[in-house]
Amino acid sequence: MPIDRAATLRNAEKLIRQGKIDAAIAEYVRIVEDQPQDWAAKNTLGDLYGRAGQAEKAVQQFVEIANNLSDEGQMAKAGALYKKILKLKPDHEHSLMQVADVLAMQRLYADARAHLTALIDLRTARGDARGALQAKVRIGSLDPEDYPARLTAVAARIEMGDKAGALSDLKDIASELAEKGRTAEAVEALREAAKLHPDDDEIREKLYDIYFGAGDYARARECATSLEQLGMIAAAQEGAGDVDGALETLKHAAATHEEDAELRVDLARKLIARGEVAAAAEYLTAETAGDDPELLLIVADIKLRGEGVEDGLTILRRLLEQDPGRRDQIALLGWTIAEKQAEAGFKAVELAADTAVAQSDWPAAAAALQEFVTRVPNHVPALMRLVEICVDGGLEATMFSAQAQLADAYIAAGSATEARFIAEDLVAREPWEAANIERFRKALVLTGEPDPDAVIASRLSGESPFTSTDLMSGESLFDEPPPPPPTPAHEGDAMEDLLADMSNDSDEPPKKAPPPRKPSRLREDTQFTLSSNAIDLDSILGGFGDYDERPAPPPAPTARASAASEDVEVDLSIVLDDIKPGSAPAPAAAPKSQPSAPADLDGVFGNLRDQASRRSGLDEAEKEYKRGLALRAAGDIDGCVQALEKASRAPKLRFATAWLIARIYRERDMLPESLEWLERAAQAPAPTNDESHQLLFELAEGLERVGEVARALAICLELQADAGSYKDVDQRIDRLTKVQAGS
């Protein structure tokens, strides 16, 4: 039955004052048993047990009270009771642990550590190894900033066999250290974690993040688990200038992700750019490329740069059979390869040229080879093929240029016979060209001719004919020479027409028509015929005997410039002055009775040289124009612009080339350059009014875009005056007028 608590407390108090401790304890036991939650009574009972020397019973009371206070969150009061317990019994383990926790909550880590250390010693002394390890784990959990203690706790967990707990702790420690910038310690923690669980992807991810953030890309590559991560490493290495490291990362990615074809293609391209063709071949083959034309082109590139040239050509033939339109791509590939491997590049370009020939596109075929010999000068097989295509396609101007290049190539290669033949043909066609004469001289020197100038003089004077042929005529070099056809009385070449004009302009009355031109002095046993372009000085000068009915005066001793009906000799200084460096021609003694003939002859040759120079310049410009169009079709825009700039020097092509260059710059968003070339085009005569109007419209539009309102308005007004309401020029004028007025 319930007791009278108040009476019992009064009685216990009397007993305590009387020194009857045991009796007082009995009274308090009655109270506690009656009301177990009476913590004050329990505390008094614990003190009485302590005074009575009954420490165990006292501790029991205090622990019960302290645990209750701890559960209620009254940690300070609980801590005080635990300390009271430790005074009664210093080896009370539960109290040691509880006091340590309370002290840790108060951030009194040193005191807490001391209590736990005492606990470790107690457990170790009695042989409780596991209990000691648990205490070490408890020490590691006291201060989150005490990483050595936390690592000691991890070691304790491992020793206890708690690998999962140790792994979790190591990950947490590594993350916190990495956030604090203590990379080395974080890495060390993760390495310990990796030892516990080598296949843990989370550990590799954390290591990757740490290494990548620290710029240690080599180790980050070792820890990367995805293709995306490897790509980030390669990009970072390349951005830092470590191209070799980036390639190694891509190789590692290709080895671990063999199924990624795009990666292998990208790696192959980078290796090709570095000239590592053999290495590139490891990552891309014809089999892996399948039927993808772009990949097959890359494979062909690899093969042509390496030892599989025939395999590469087989791939190119296959591509051309499937789509002949790829010839421009293949030509561009050949040009690029030729810069390092001329023969392989030529074979690729030749395939592209042959495809163009099969389509009867002779200019495109010639343009492909022209670009090749521009990049690889003096390549004899390419020049021979170019000449062949020009002959078959009737590309006369290009053929002359190709022949000159071929002659130079033969000279550079020491092929004297071939060089002489072509050089002689070029001089026969254009004897006024100093370059042709000089080329002929080099070829003669190469053959061992002791006096090349004498041979040149002999050829030019007609004493011995040129052994040349007109390649555009279709006649064989070895055909029997046909008899020279009779020349009608009023038919002659350009030179005779010029001389006839001179005769008509003179003060004397017109003379009778010159006699028919006599055949050139070809030996009957020669196997060559004179080219239709070859110059026959006999026929040119033969008419001078009838130009004046009076016989020609005897020649001056220092120069032979007189003419007779049967035999003519020319002062070679007229032709050779510009090609014999270091020597000055001796002045010719002009005849007193007929001073006009030599002067007129010099004028005729000068006129011929001027005409030939202009024609040659235009031909060269047209060649550059065609080359520019071919490069544009092949995707080489920079090369296209350079070729068009050269072509624009010819007045005849200036409008078209300048306008095209302007449009190319506009497509590349290079407005200042586009406007510059539009203005150049505007200064040249336009072929039609429509083209002129369109160019002015584009110029006005470009000027408006860059903010030059006044100039744009002026051009629009000019266009309106000339073409009326052309497109939206009226609205544009209204808008520009308002902008200029500031409204």
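The model is predicted: local features need pLDDT of at least 70, side-chain atom pairs count only at pLDDT 80 or more, and totals for chains, interfaces and linings use all residues. Residues are numbered from 1 along each chain as its sequence is written, and side-chain values use heavy atoms, with hydrogens and water left out.

Start with the whole chain. It holds 39 helices and 0 strands. Helices (H or I, at least four residues) and strands (E, at least two) are DSSP runs, numbered from the N terminus. Of the 743 residues, 43% are buried. Buried means under 20% relative accessible area, exposed means over 50%, and partly exposed lies in between (1.4 Å probe, protein chains only). A contact means heavy atoms within 4.5 Å. Among contacts with a separation of 6 or more, 52% join residues 24 or more positions apart.

Now take helix H3, residues 39-51. At 1.5 Å a residue, its 13 residues should span 18 Å. The expected span is 1.5 Å times one less than the number of residues. The end C-alpha atoms of H3 are 18 Å apart, which agrees. Which residues of H3 are buried? They are Ala41, Lys42, Leu45, Gly46, Leu48 and Tyr49. The buried residues pack against helix H1 (5-17), helix H2 (21-34) and helix H4 (55-71). On the other side of H3, Ala40 and Arg51 are exposed. Just after H3, Gly53 takes a positive phi of about 80°.

Next comes Thr249, in helix H15 (residues 243-256). Thr249 counts as buried because its relative accessibility is 0%. Its side chain joins that of Gln237 in a polar contact of 2.5 Å. A polar contact is a pair of N or O atoms within 3.5 Å; within protein, one must be able to donate a hydrogen and the other to accept it, and residues adjacent in sequence count only if both atoms are side-chain atoms.

Finally, look at the cores. A nonpolar core is a set of buried Ala, Val, Leu, Ile, Met, Phe, Trp, Tyr and Cys residues joined through side-chain atoms within 4.5 Å. The largest has 137 residues. Leu304, Leu316, Trp335 and Phe372 have the most contacts inside it. Apart from that core lies another, of 40 residues, including Ile21 and Phe62.
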